[in-house]
Amino acid sequence: MGTTLKNLAIAVLLMSISFACSKSGTKALEQGDYYNAVLQAVDKLKKDVDNEKSLEVLPQAYAYASEELMADINNAKQANQQFRYERVLDGYSKLNNMHDLISRCVSCRREVSPRSYFKEAEEARELAAEERYTYANSMLEKGTIESGRDAFESFQILFDFAPNFKDVRTKMDEALDAGSYHVVVEQPKVNSRVYKISNEYFQDRIDEFLRENKRLNKFIRFYSPAEAKTVELRPDHVIRLDFVDFVVGETLVERSEKTVTSEDSVKTGTATIRGKSVDVYDKVTATLSQNRKIVNSKGILSMEIIDFQTDRILDKKEFPGEFTWVNEWASFNGDERALTEDELAMSKMKEELPPPPQQLFVEFCKPIYDQFTREVRRFYDRY
């Protein structure tokens, strides 16, 4: 038991030493990660100005990191590779970051005199931006969806390190448009005045889904037919929706009658026996009439996703929906004590009018809407 505790104590001590070293930058320095060793040492010295390990690590790590970064910058400048100036910019940015961090740390400045490269970084930024812009523009000019997406990603990279370079914001929007699938959604029509409002409700739900997901993902853009007409869009895909079949308010009434008898004997009256009045017990009966009205509404929505250029059907699905409204009530003749609690409760229920047809239409459309939105998400996950 004593040996186990001793071993545990040694393990905890070693872990504590390792933790302290990693926080001071010692571990990063030993592993050759000089840049991060500088960051860790500076961070430690901001909290503990006399930390011996960090004071020892900082000048060594800074010298090695500076040497390594400058070598990488020079190699990048001489290399014949695409986007080389982004690598140059990254090197100067790290050198300047070390300069800024050390300059704001009093105890760090006692150990190191950092050098700044702000002018060099700006020159590299300009060259990197021009290089990236030229490439992105060439992709955009190819005019395909794939090249548009490539252009967008490049303009986005450019925007991250040079947000004010030329017209990069406008170019990002242009590339996003070029790299997107433009999809027009044609709403289903119902040729019935009775269900016009309900169909409008369903259309409003789909419109709401399309508004909230105008870009279902980065490169999918939905339009209503009116929007597409306004911008004179030539879409990539058209989603056509149509109710191929529906019935509203199909009613079935079930009626049944039965004689019920109480489980136990109950008092049914009195009798005189040998001059004395005594209670009389017996089982009682009643005739129970039960009614059940079932109003069923259902429909099927057809969806086709069509390639507008070739008129080829890319996806075809049918979404069924159903809603059943049930009303139960009962009446009886006879002694109510013959009824069970449930039968008595039902006898107090009355026949009700079913919801109006418009509401029934809305209800069976709800599961259809859920299926439609799931399928649209699934299909365009591939694009």
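Predicted model: local features only at pLDDT ≥ 70, side-chain atom pairs only at ≥ 80, totals over all residues.
Me: How many aromatic pairs turn up in the whole structure?
Reply: Rings of Phe, Tyr and Trp (its six-membered ring) pair up if their centres lie within 6.5 Å; planes under 30 degrees apart are stacked, over 60 edge-to-face, and the rest tilted. Searching the whole structure that way, the number of pairs is 17.

Me: Which arrangement do the rings of Tyr133 and Phe155 have?
Reply: The two ring centres are 5.8 Å apart. The planes sit at 70 degrees to each other, so this pair is edge-to-face.

Me: How many residues apart in sequence are Tyr133 and Phe155?
Reply: Helices (H or I, at least four residues) and strands (E, at least two) are DSSP runs, numbered from the N terminus. Tyr133 belongs to helix H7 (residues 118-142) and Phe155 to helix H8 (residues 145-161), so their pairing ties together parts of the chain. Both residues are buried. Along the sequence, the separation is 22 residues.

Me: What is the angle between the planes of Phe361 and Phe364?
Reply: These two form a tilted aromatic pair, 5.0 Å centre to centre. They are 3 residues apart in helix H13 (residues 357-380), or about one helical turn.

Me: Which ring has the charged end of Arg221 over it?
Reply: A charge sits over a ring if NZ of Lys or CZ of Arg is within 6 Å of the ring centre and within 35 degrees of the ring normal. Lys94 does this over the face of Tyr35, at 5.4 Å from the ring centre. For Arg221, the distance to the centre is 4.1 Å, and the ring is that of Tyr223.

Me: How far apart are the end C-alpha atoms of H7?
Reply: The expected span of a helix is 1.5 Å times one less than its number of residues. With 25 residues, H7 should span 36 Å. The model agrees, with the end C-alpha atoms separated by 36 Å.

Me: Which helices do the buried residues of H7 pack against?
Reply: The buried residues of H7 include Ala121, Arg132, Tyr133 and Leu140. They pack against helix H5 (84-103), H8 and helix H9 (168-178).

Me: Which residues does Val49 touch, not counting those up to four places away in sequence?
Reply: Val49 lies in the loop between helix H3 (34-47) and helix H4 (52-78), and is partly exposed at 43% relative accessible area. Contact means heavy atoms within 4.5 Å. On that basis, Val49 touches Leu55 and Ser107.

Me: Which side chain makes a polar contact with the side chain of Glu363?
Reply: Glu363 is buried, with a relative accessible area of 18%, and is found in helix H13. A polar contact is a pair of N or O atoms within 3.5 Å; within protein, one must be able to donate a hydrogen and the other to accept it, and residues adjacent in sequence count only if both atoms are side-chain atoms. At 2.6 Å, the partner is Gln359.

Me: How many salt bridges does the structure hold?
Reply: Side chains of opposite charge can pair when their charged atoms come close. A salt bridge here is a side-chain nitrogen of Lys or Arg within 4 Å of a carboxyl oxygen of Asp or Glu. The structure's total is 21.

Me: What is the N to O distance between Arg87 and Asp72?
Reply: Arg87 is partly exposed at 31% relative accessibility, and Asp72 is partly exposed at 29%. Their side chains meet in a salt bridge, and the N to O distance is 2.6 Å.

Me: Which strand holds Lys267?
Reply: Lys267 forms a salt bridge with Asp279, the closest N and O atoms being 3.3 Å apart. Asp279 lies in strand S5 (residues 276-282), while Lys267 lies in strand S4 (residues 266-273).

Notes
Residues numbered from 1 in each chain as written. Heavy atoms only, no water. Buried < 20%, exposed > 50% of the residue type's maximum accessible area, 1.4 Å probe, protein only.
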